[in-house]
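Open the model in your viewer and keep the selection tool at hand. The stops below say what to select next and what is there.

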Amino acid sequence: MSIVPQTHHGMCVADLAATKAVLRAIGFSGTQENAPEPLVFENRDGDPVGQQTALTLGDWYATHFIEQPGRRHQIDLIEVVPPSIQPRPSAAVCEGDLLIAIVVDDIGSAFAAMQAAATDHGARWSPLVEVPAEQGARFVGPDGQALLLTEGPAPFAVVHHSPDGWARSKPFYAEVLGMSVEQIDDGAGVDRYRFIGIGGRLEVEVRPDVVEAPRPWPNKRYPAANHFRFIGLDFAEVLPRLEVTAGAGYLLPAEGGFAFVHGPANQTVELFDVALSGPVDGPSQVSAALAPR
């Protein structure tokens, strides 16, 4: 088991407490030891994280991540508040959006529990649509976030790109970050790719109807904007390539084996050095690796 799980997905929300209630209804629990709940960042002197991420997330935002015990699935909730919050660029899928798949024991009861815990009782949620290939069903939930409840073996996510975004992103993933990407056949005729050997399941879906987000990229100030993670990278090789790549850069510079970066098509990605991918004794080391800086 690594210090940090690969299956970690970030989600921007309008109401952090309300979204946590929805996810805790299906077994997610708090996991940031020794950190306030929520953890607040501001664009002010004395808060370097808030200053460095203000362009992407606004002058004030709150965050807290939760985890499914036993499944090592973390969801990092980021509450963007007025006046920084922006409306979604489209009700449709946007560049860099994630479909997040959550493992549950029973889809119907899990969906009902999530709706019951929602402050709006699911009034704006879409109905479940069965996805037999994933032993699950998908829907659009809080703040327009696409979710899939699955009775399959493991959580996963699918990153969405437009054809133009993928043309710029594939070299970023493969040549800059050094990820192995291969095309797969999902049986539905969709242009789909999978990252190989990363310690979890993460895929890319390329569709012409994916909406480009407002520039300048990255823009993560709207509900259901997302980020994801790659672990086990060799920073000695990756970071020099990243620093000379057009359209890519740091949200948070590398420190202690961690960096938060953006790519050339509105994707934001947490990177962890291979030094943080060895076996660990317990969850306290997770908190140490991710402690506020």
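Select strands β12 and β13 (residues 201-206): 4 bridges join them, and they run antiparallel. Strands here are DSSP runs (E, at least two residues), numbered from the N terminus, and two strands pair if DSSP finds at least two bridges between them. Within this pair, pick Tyr-193; its bridge partner in β13 is Val-204. The hairpin of β12 and β13 has 4 residues between the strands, and Gly-197 there takes a positive phi near 70 degrees.

This is a predicted model, in which local features need pLDDT of at least 70 and side-chain atom pairs count only at pLDDT 80 or more, while totals for chains, interfaces and linings use all residues. Residues are numbered from 1 along each chain as its sequence is written, and side-chain values use heavy atoms, with hydrogens and water left out.

Ser-180 stands opposite Ile-196. In this hairpin, with 6 residues between the strands, look for Gly-187, whose positive phi is near 80 degrees.

Now select Phe-230. Beyond its neighbours within four places in sequence, its contacts (heavy atoms within 4.5 Å) include Tyr-173, Leu-177 and Phe-195.

Last, select the cysteines Cys-12 and Cys-94. Are they buried or exposed? Cys-12 is buried, at 4% relative accessible area, and Cys-94 is buried at 0%; buried means under 20%, exposed over 50%, partly exposed in between (1.4 Å probe, protein chains only). The whole structure has 0 disulfides, a disulfide being a pair of cysteine sulfur atoms within 2.5 Å. For Cys-12, the nearest cysteine sulfur is that of Cys-94, 12 Å away.
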